[in-house]
Amino acid sequence: MRIRTLTGNLAAVLVLSSPLLWGGQAVAAPSGTPEQTSAARLLTYDASGSAEFRSAVDQGAAIWNESVDAVELRPAASGQRANIRVLADNGWPRALPTTLGNGTVYIGRQAVNQGYDTIRISAHELGHILGLPDRKPGPCSSLMSGSSAGTACTNRYPNAAEKAQAERNFAGALSGAAQQTGPAPRAVLVRD
């Protein structure tokens, strides 16, 4: 058994070094290429209580995943405790962040009945959980302008400043720094 292992290892060394032995050229990896060792902070969401807005919630999360690198939103696995709980109700859309990346989002039917875009609402409310404040009054180009942009506004994407703020909020996820995990001094309701 030991002879087979030694023979196999010797064969592997010869195969890998054969270009050097027979005139080939070894090429080193470029020295300026950093290794990608860190990953985005993963936040899970539970949209099981979002009723008819489930697809809008998934699309809102996908928008943030496309827009920023430092955080990734994924549906929670069955039985897994989620960072973000998403519920549908008959009130106005709102978010109740508890700590950065944690809290509850309400997709309120009142705004939907008035004609506001459900995916914009979802992405906007998730933005609050990612630490972004309302920017009211604001233009349609600002996702965080919320309802002040009017019902005709269907922009579902954060602008450059909003993306940059979310990246800064979660920058420690990519650098390996510790994240805030303890409870916030008090929860703040963000009603749009």
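Author: Two terms come first: on a 1 Å grid over the protein atoms alone, a cavity is a set of points where a 1.4 Å probe fits but cannot get out, whereas a pocket is an open set with protein on both sides within 12 Å along at least five of seven lines; lining residues have an atom within 4 Å of a point. Grid points are joined across faces, edges and corners, and a volume is the space filled by probe spheres set on the points. The model is predicted: local features need pLDDT of at least 70 and side-chain atom pairs pLDDT 80 or more, while totals for chains, interfaces and linings use all residues. Residues are numbered from 1 along each chain as its sequence is written, and side-chain values use heavy atoms, without hydrogens or water.

Reader: How many helices and strands does the protein chain have?

Author: Helices (H or I, at least four residues) and strands (E, at least two) are DSSP runs, numbered from the N terminus. Their order from that end is α-β-α-β-β-β-β-α-α-α-α-β. The total is six helices and six strands.

Reader: Which element supplies the largest share of the lining of the largest pocket?

Author: The largest pocket holds about 230 Å³ of space, and its lining includes Asp46, Arg81, Ile84, Arg85 and Thr104. Strand E3 (84-89) and strand E5 (102-108) each supply at least two lining residues. The largest share, three residues, comes from E5.

Reader: Which residues touch the most other members of the largest nonpolar core?

Author: A nonpolar core is a set of buried Ala, Val, Leu, Ile, Met, Phe, Trp, Tyr and Cys residues joined through side-chain atoms within 4.5 Å; buried means under 20% relative accessible area, exposed over 50%, and partly exposed in between (1.4 Å probe, protein chains only). This core has 31 residues, and those that touch the most other members are Trp64, Leu73, Ile84 and Val105.

Reader: Which element gives the most residues to this core?

Author: Strand E1 (41-49), helix H2 (54-67), strand E2 (71-75), E3, E5 and helix H4 (118-129) each supply at least two. The one that gives the most, with four residues, is H4.

Reader: Why is H4 described as largely enclosed by the rest of the structure?

Author: Among its buried residues are Ile119, Arg120, His124, Glu125 and Leu126. H4 counts as largely enclosed because its buried residues number 11 of 12.

Reader: What is the volume of the largest cavity?

Author: The structure holds one cavity of 30 Å³ or more. Of the 12 residues that line the largest cavity, Pro93, Tyr116, Ile121, Gly146 and Ser147 are the closest to its centre. H4 gives the most to this lining, with four residues. The volume of the largest cavity is about 120 Å³.

Reader: How far apart are the C-alpha atoms of Thr154 and Arg120?

Author: Thr154 is in the loop between H4 and helix H5 (160-169), and it counts as partly exposed because its relative accessibility is 46%. Not counting residues up to four places away in sequence, Thr154 is in contact (heavy atoms within 4.5 Å) with Asp117, Arg120 and Cys140. Although Thr154 and Arg120 are 34 residues apart along the chain, their C-alpha atoms are separated by 6.3 Å.
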